[in-house]
Amino acid sequence: MSTHAKRERLLLADLLETAGPDAPTLCEGWTTRDLAAHVVVRERRPDAAGGILIKQLASRLDRVMAEYTGKPYEELIQLIRTGPPRFSPFSLKPVDEMSNIVEFYVHTEDVRRAQPDWSVRELDAVFQDALWSRLERTARLMGRGVPTGLVLRRPDGQTTVAQRGTPVVTVTGEPSELVLFSYGRQSAAKVDLDGDEDAIAKLHETKQLGI
């Protein structure tokens, strides 16, 4: 049975192919070609992908990204579709699902929601629960730099704290939308914010959400 991560991987590849290499994305400064290269480098070049989080490796990541963005776009799409090589931890289904369910969902929406005619996808409850489970584990990492207290709330009342502090802003939405908000896509996420007006304004403007 296909996993959620596998499904989102194939959907992302299809969207990238349809959009072409020069379409905009929600990733500031990135076209679809840049996004495709990022996905491939993350899975296939662990020697460079660490630069996403480790500043000392950032220059190496930049060089490798430049190498991959120079590859034929069709080749990048095929590498995404076929997935990581066998020696990669991402080739193991449990690791793939744990590490990529959010990664591919967010990047799929990065492509979809950068288009003027996008609409919210109808996602099944099992997938929403899977996204919520991942968000509960990563919320404090995503929210560690925000300037306000931050609580994420599902419509059914389940909550997770992304940042302690006052004043507190409560963000309510489906897990899929809360994931996008927490990963720095505030303007594209369909959520409701409740709290101090100044705090809400700061939260909308902050660049500190996400990795």
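Biologist: Hi! How many aromatic pairs does a search of the whole structure find?
Modeller: Hello! The search of this predicted model turns up one aromatic pair. Its rings belong to Tyr-105 and Phe-127, with centres 6.0 Å apart and planes at 80°, so the pair is edge-to-face.

Biologist: Nice. Which helices do Tyr-105 and Phe-127 lie in?
Modeller: Tyr-105 is in α6 (residues 93-112) and Phe-127 is in α7 (residues 125-142), so the pair ties together parts that are 22 residues apart in sequence.

Biologist: Which residue lies over the face of Phe-127?
Modeller: That's Arg-7, at 4.5 Å from the ring centre. Elsewhere, Lys-71 lies over the face of Tyr-68, at 5.0 Å from that ring centre.

Biologist: Switching topic: how many residues of α8 are buried?
Modeller: Eight of its eight residues, 175-182, are buried. Among them are Pro-175, Glu-177, Leu-180 and Phe-181.

Biologist: What do the buried residues of α8 pack against?
Modeller: They pack against α6, α7, β1 (149-153), β3 (168-172), β4 (192-194) and α9 (197-205). After α8 comes Gly-184, which has a positive phi near 85°.

Biologist: Last one: what feature does UniProt place at residues 12-45?
Modeller: The unreviewed UniProt entry puts "domain: Mycothiol-dependent maleylpyruvate isomerase metal-binding" there. In the model, residues 12-45 are 62% helix and 0% strand, with the end C-alpha atoms 20 Å apart.

Key
Residues numbered from 1 in each chain as written. Predicted model: local features only at pLDDT ≥ 70, side-chain atom pairs only at ≥ 80, totals over all residues. Heavy atoms only, no water. Phe/Tyr/Trp six-rings, centres within 6.5 Å; stacked < 30°, edge-to-face > 60°. Helix = DSSP H or I, 4+ residues; strand = E, 2+ residues; numbered from the N terminus. Lys NZ or Arg CZ within 6 Å of the ring centre and 35° of its normal. UniProt positions renumbered as here; feature names shortened; annotations may be inferred. Buried < 20%, exposed > 50% of the residue type's maximum accessible area, 1.4 Å probe, protein only. Contact = heavy atoms within 4.5 Å.
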